[in-house]
Amino acid sequence: MGRAVTVATCALNQWALDFDGNLERIFRSIDIAKSKGARYRLGPELEICGYGCSDHYYESDTLLHSFQVLEKLLESPATQDIICDVGMPVLHRNVRYNCRVIFLNKKILLIRPKISLANAGNYRELRWFTPWSKARHVEEYFLPRIIQEVTGQETVPFGDAVLATKDTCLGAEICEELWAPNSPHIEMGLDGVEIFTNSSGSHHVLRKAHARVDLVNSATAKNGGIYILANQKGCDGDRLYYDGCAMISMNGETVAQGSQFSLDDVEVLVATLDLEDVRSYRAEISSRNLAASKVNPYPRVKVNFALSCPGDLAVPTCMPIQWRHYSPEEEISLGPACWLWDYLRRSKQAGFLLPLSGGIDSSATACIVYSMCHQVCLAVKKGNADVLADARRIVNDETYIPEDPREFCKRVLTTCYMASENSSQDSCDRAKLLAEQIGSYHINLNIDAAVKAVVGIFSVVTGRTPRFSVYGGSSRESLALQNVQARIRMVLAYLFAQLTLWVRGMPGGLLVLGSANVDESLRGYLTKYDCSSADINPIGGISKTDLKNFIQYCIENFQLMALRSIMSAPPTAELEPLVDGQVAQTDEADMGMTYAELSIYGKLRKIAKAGPYSMFCKLISIWKEIFTPREVASKVKHFFRMYSVNRHKMTTLTPSYHAENYSPDDNRFDLRPFLYNTSWSWQFRCIDKQVN
């Protein structure tokens, strides 16, 4: 009697609408799974077309090409003698579903539609798909002719069912269903399902991985069983980075853990587990057994196939392991670095250009690129042929081998310090020293001539010359002069990104990197269309507090000693005139709030769903030891005025790596008006009433 089952799950770096690449990666995962003795292979959610197709799901082409890929999988000898579980969109009776298609030996066993759709935060599945609402119900699905010709089947089961093999029973969940309060694995487990599978499209957020791991382990802690989770990995075409973490758990404990951040396009986990361990674990849970005796049964699709082999008593099984979680600083070092690598190689550009100011934000961005270079060199050293081929194409050298991160950084990162008469020598020196230590190709330039030319045009046309406030000008004049400097830096950044490699006799162009953090975006403390307007921004979803901790991590782990002076310097835009040669302008004084306060405002506004009045009510308790209610009211009002006045800037915000749940990204995550009544009259009166 077979006891030991060998199953495989994977994390694949799929790319939206890259049907050729997606098919190749699926085949590679199946080959690896079979080579390690697996009899079942699970892949990520919507892996055939890629999860991030968005409104392309509306197109019949996406459905057609998904079935064409499925045809290739079905007819291939590579998929023989292993149950393959793949994800794709399916149109059933003119309704589009997010489905798992499970097949074996050229026969489709079951098409299982998703029951609970993800529709919060970055997810919009209800826009494109309909949830399957018929619990424990199966219908006939009429296969397209191209599939009928391969399988010889006219119809297959479609709906909420489980698979009964010769030795066990399997039930599928899809991503969000694990997070739902009424997860299907609960009822399936009571009905005798021993192996639960979950194909996910779950993205990285700082400090989130433990929640996913805890959910998987708790799924089988109370009910017993084996839980297999597959996930997408990498950047599949937008702001999200899917962080892998494929895993296998049994009876509440992790037995196999995949990497969270890696440049490997295909990662396969295989585990051999004893079904008797599940059965004996369940046998002594009397409350579970009483509930199981009353459960409504699931339709079972019988499969003439076993996941175990006869005479397998001597086969070693996997033992529980301890999951290692990264610190937030390690996550910042690795997640955005992997995202940048995917974006660079898939955009077919030759590198990055970063305006490097000598401050914390642009320095953190430079360190993330440097970390990317470390990851590339490490992957090549481990024999990753895909990474080596991409690196050679990016640097335009077919014999090149990236071995030294500093040397590789010089090839792919150009940093540029854009000085003005308001810039300090200290910031210039800090930028230059950091560029030397990470190895970037560094440019120093002065923008004064361009600034004077632009202001000169204004003076010729109007007959008036604006002045900074320290020279007697109004705040309007001073702000306009600061914005001219900032916007000229953006224009020059794109000019140098397009032509720097041309000057150096090298092909290609550079992607411009932005470096506005999540707190500055929330407050609107940036010039619209300045250097925050870039191609992509790896730190746009990260708080100033986390970035400071990340800088300290880089000092300790990369030995970048130039960062010490950057850490100790007060954050400043350096757009106003110096006073006695020293910087007089600081970010926190300009904003009228500290970065620590901004993080609190951001979390209350987005995560706690607090408007002005609710935020005031929460903060008078949180800050009762440091501020009076009247001071709290003043701070809350100032934040909401500044937030609403500047909200329009979020509509043009550079696409940023999503890392924080209080991100103000207007594209899809934080949907708000951008024209507010900034007096907040009713709301502020409510606050004033409570203060009084």
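Reader: What makes the domains here, and which residues do they cover?

Author: The bounds come from an automatic or database domain assignment. That assignment gives domain 1 (4-314), domain 2 (326-448 + 487-571) and domain 3 (592-691). Keep in mind that this is a predicted model, where local features need pLDDT of at least 70 and side-chain atom pairs count only at pLDDT 80 or more, while totals for chains, interfaces and linings use all residues. Residues are numbered from 1 along each chain as its sequence is written, and side-chain values use heavy atoms, with hydrogens and water left out.

Reader: How far apart are the centres of domain 1 and domain 3, and how many residues does the contact take from each?

Author: Taken over C-alpha atoms, the centres are 40 Å apart. The contact (heavy atoms within 4.5 Å) takes 13 residues from domain 1 and 13 residues from domain 3.

Reader: What makes the second largest pocket a pocket, and what is its volume?

Author: On a 1 Å grid over the protein atoms alone, a pocket is an open set of points with protein on both sides within 12 Å along at least five of seven lines, whereas a cavity is a set where a 1.4 Å probe fits but cannot get out. Its volume, the space filled by probe spheres set on points joined across faces, edges and corners, is about 510 Å³. Lining residues have an atom within 4 Å of a point; there are 19, and the closest to the centre are Ala120, Gly121, Tyr123, His203 and Asn661. Domain 1 and domain 3 each give at least three residues to this lining.

Reader: Why are E19 and E20 called edge strands?

Author: Strands (E, at least two residues) and helices (H or I, at least four) are DSSP runs, numbered from the N terminus. Two strands pair if DSSP finds at least two bridges between them. The open sheet has the order E19-E18-E17-E20, with parallel pairing. E19 (441-446) and E20 (511-512) each have a single partner strand, so one side of each lacks a neighbour in the sheet.
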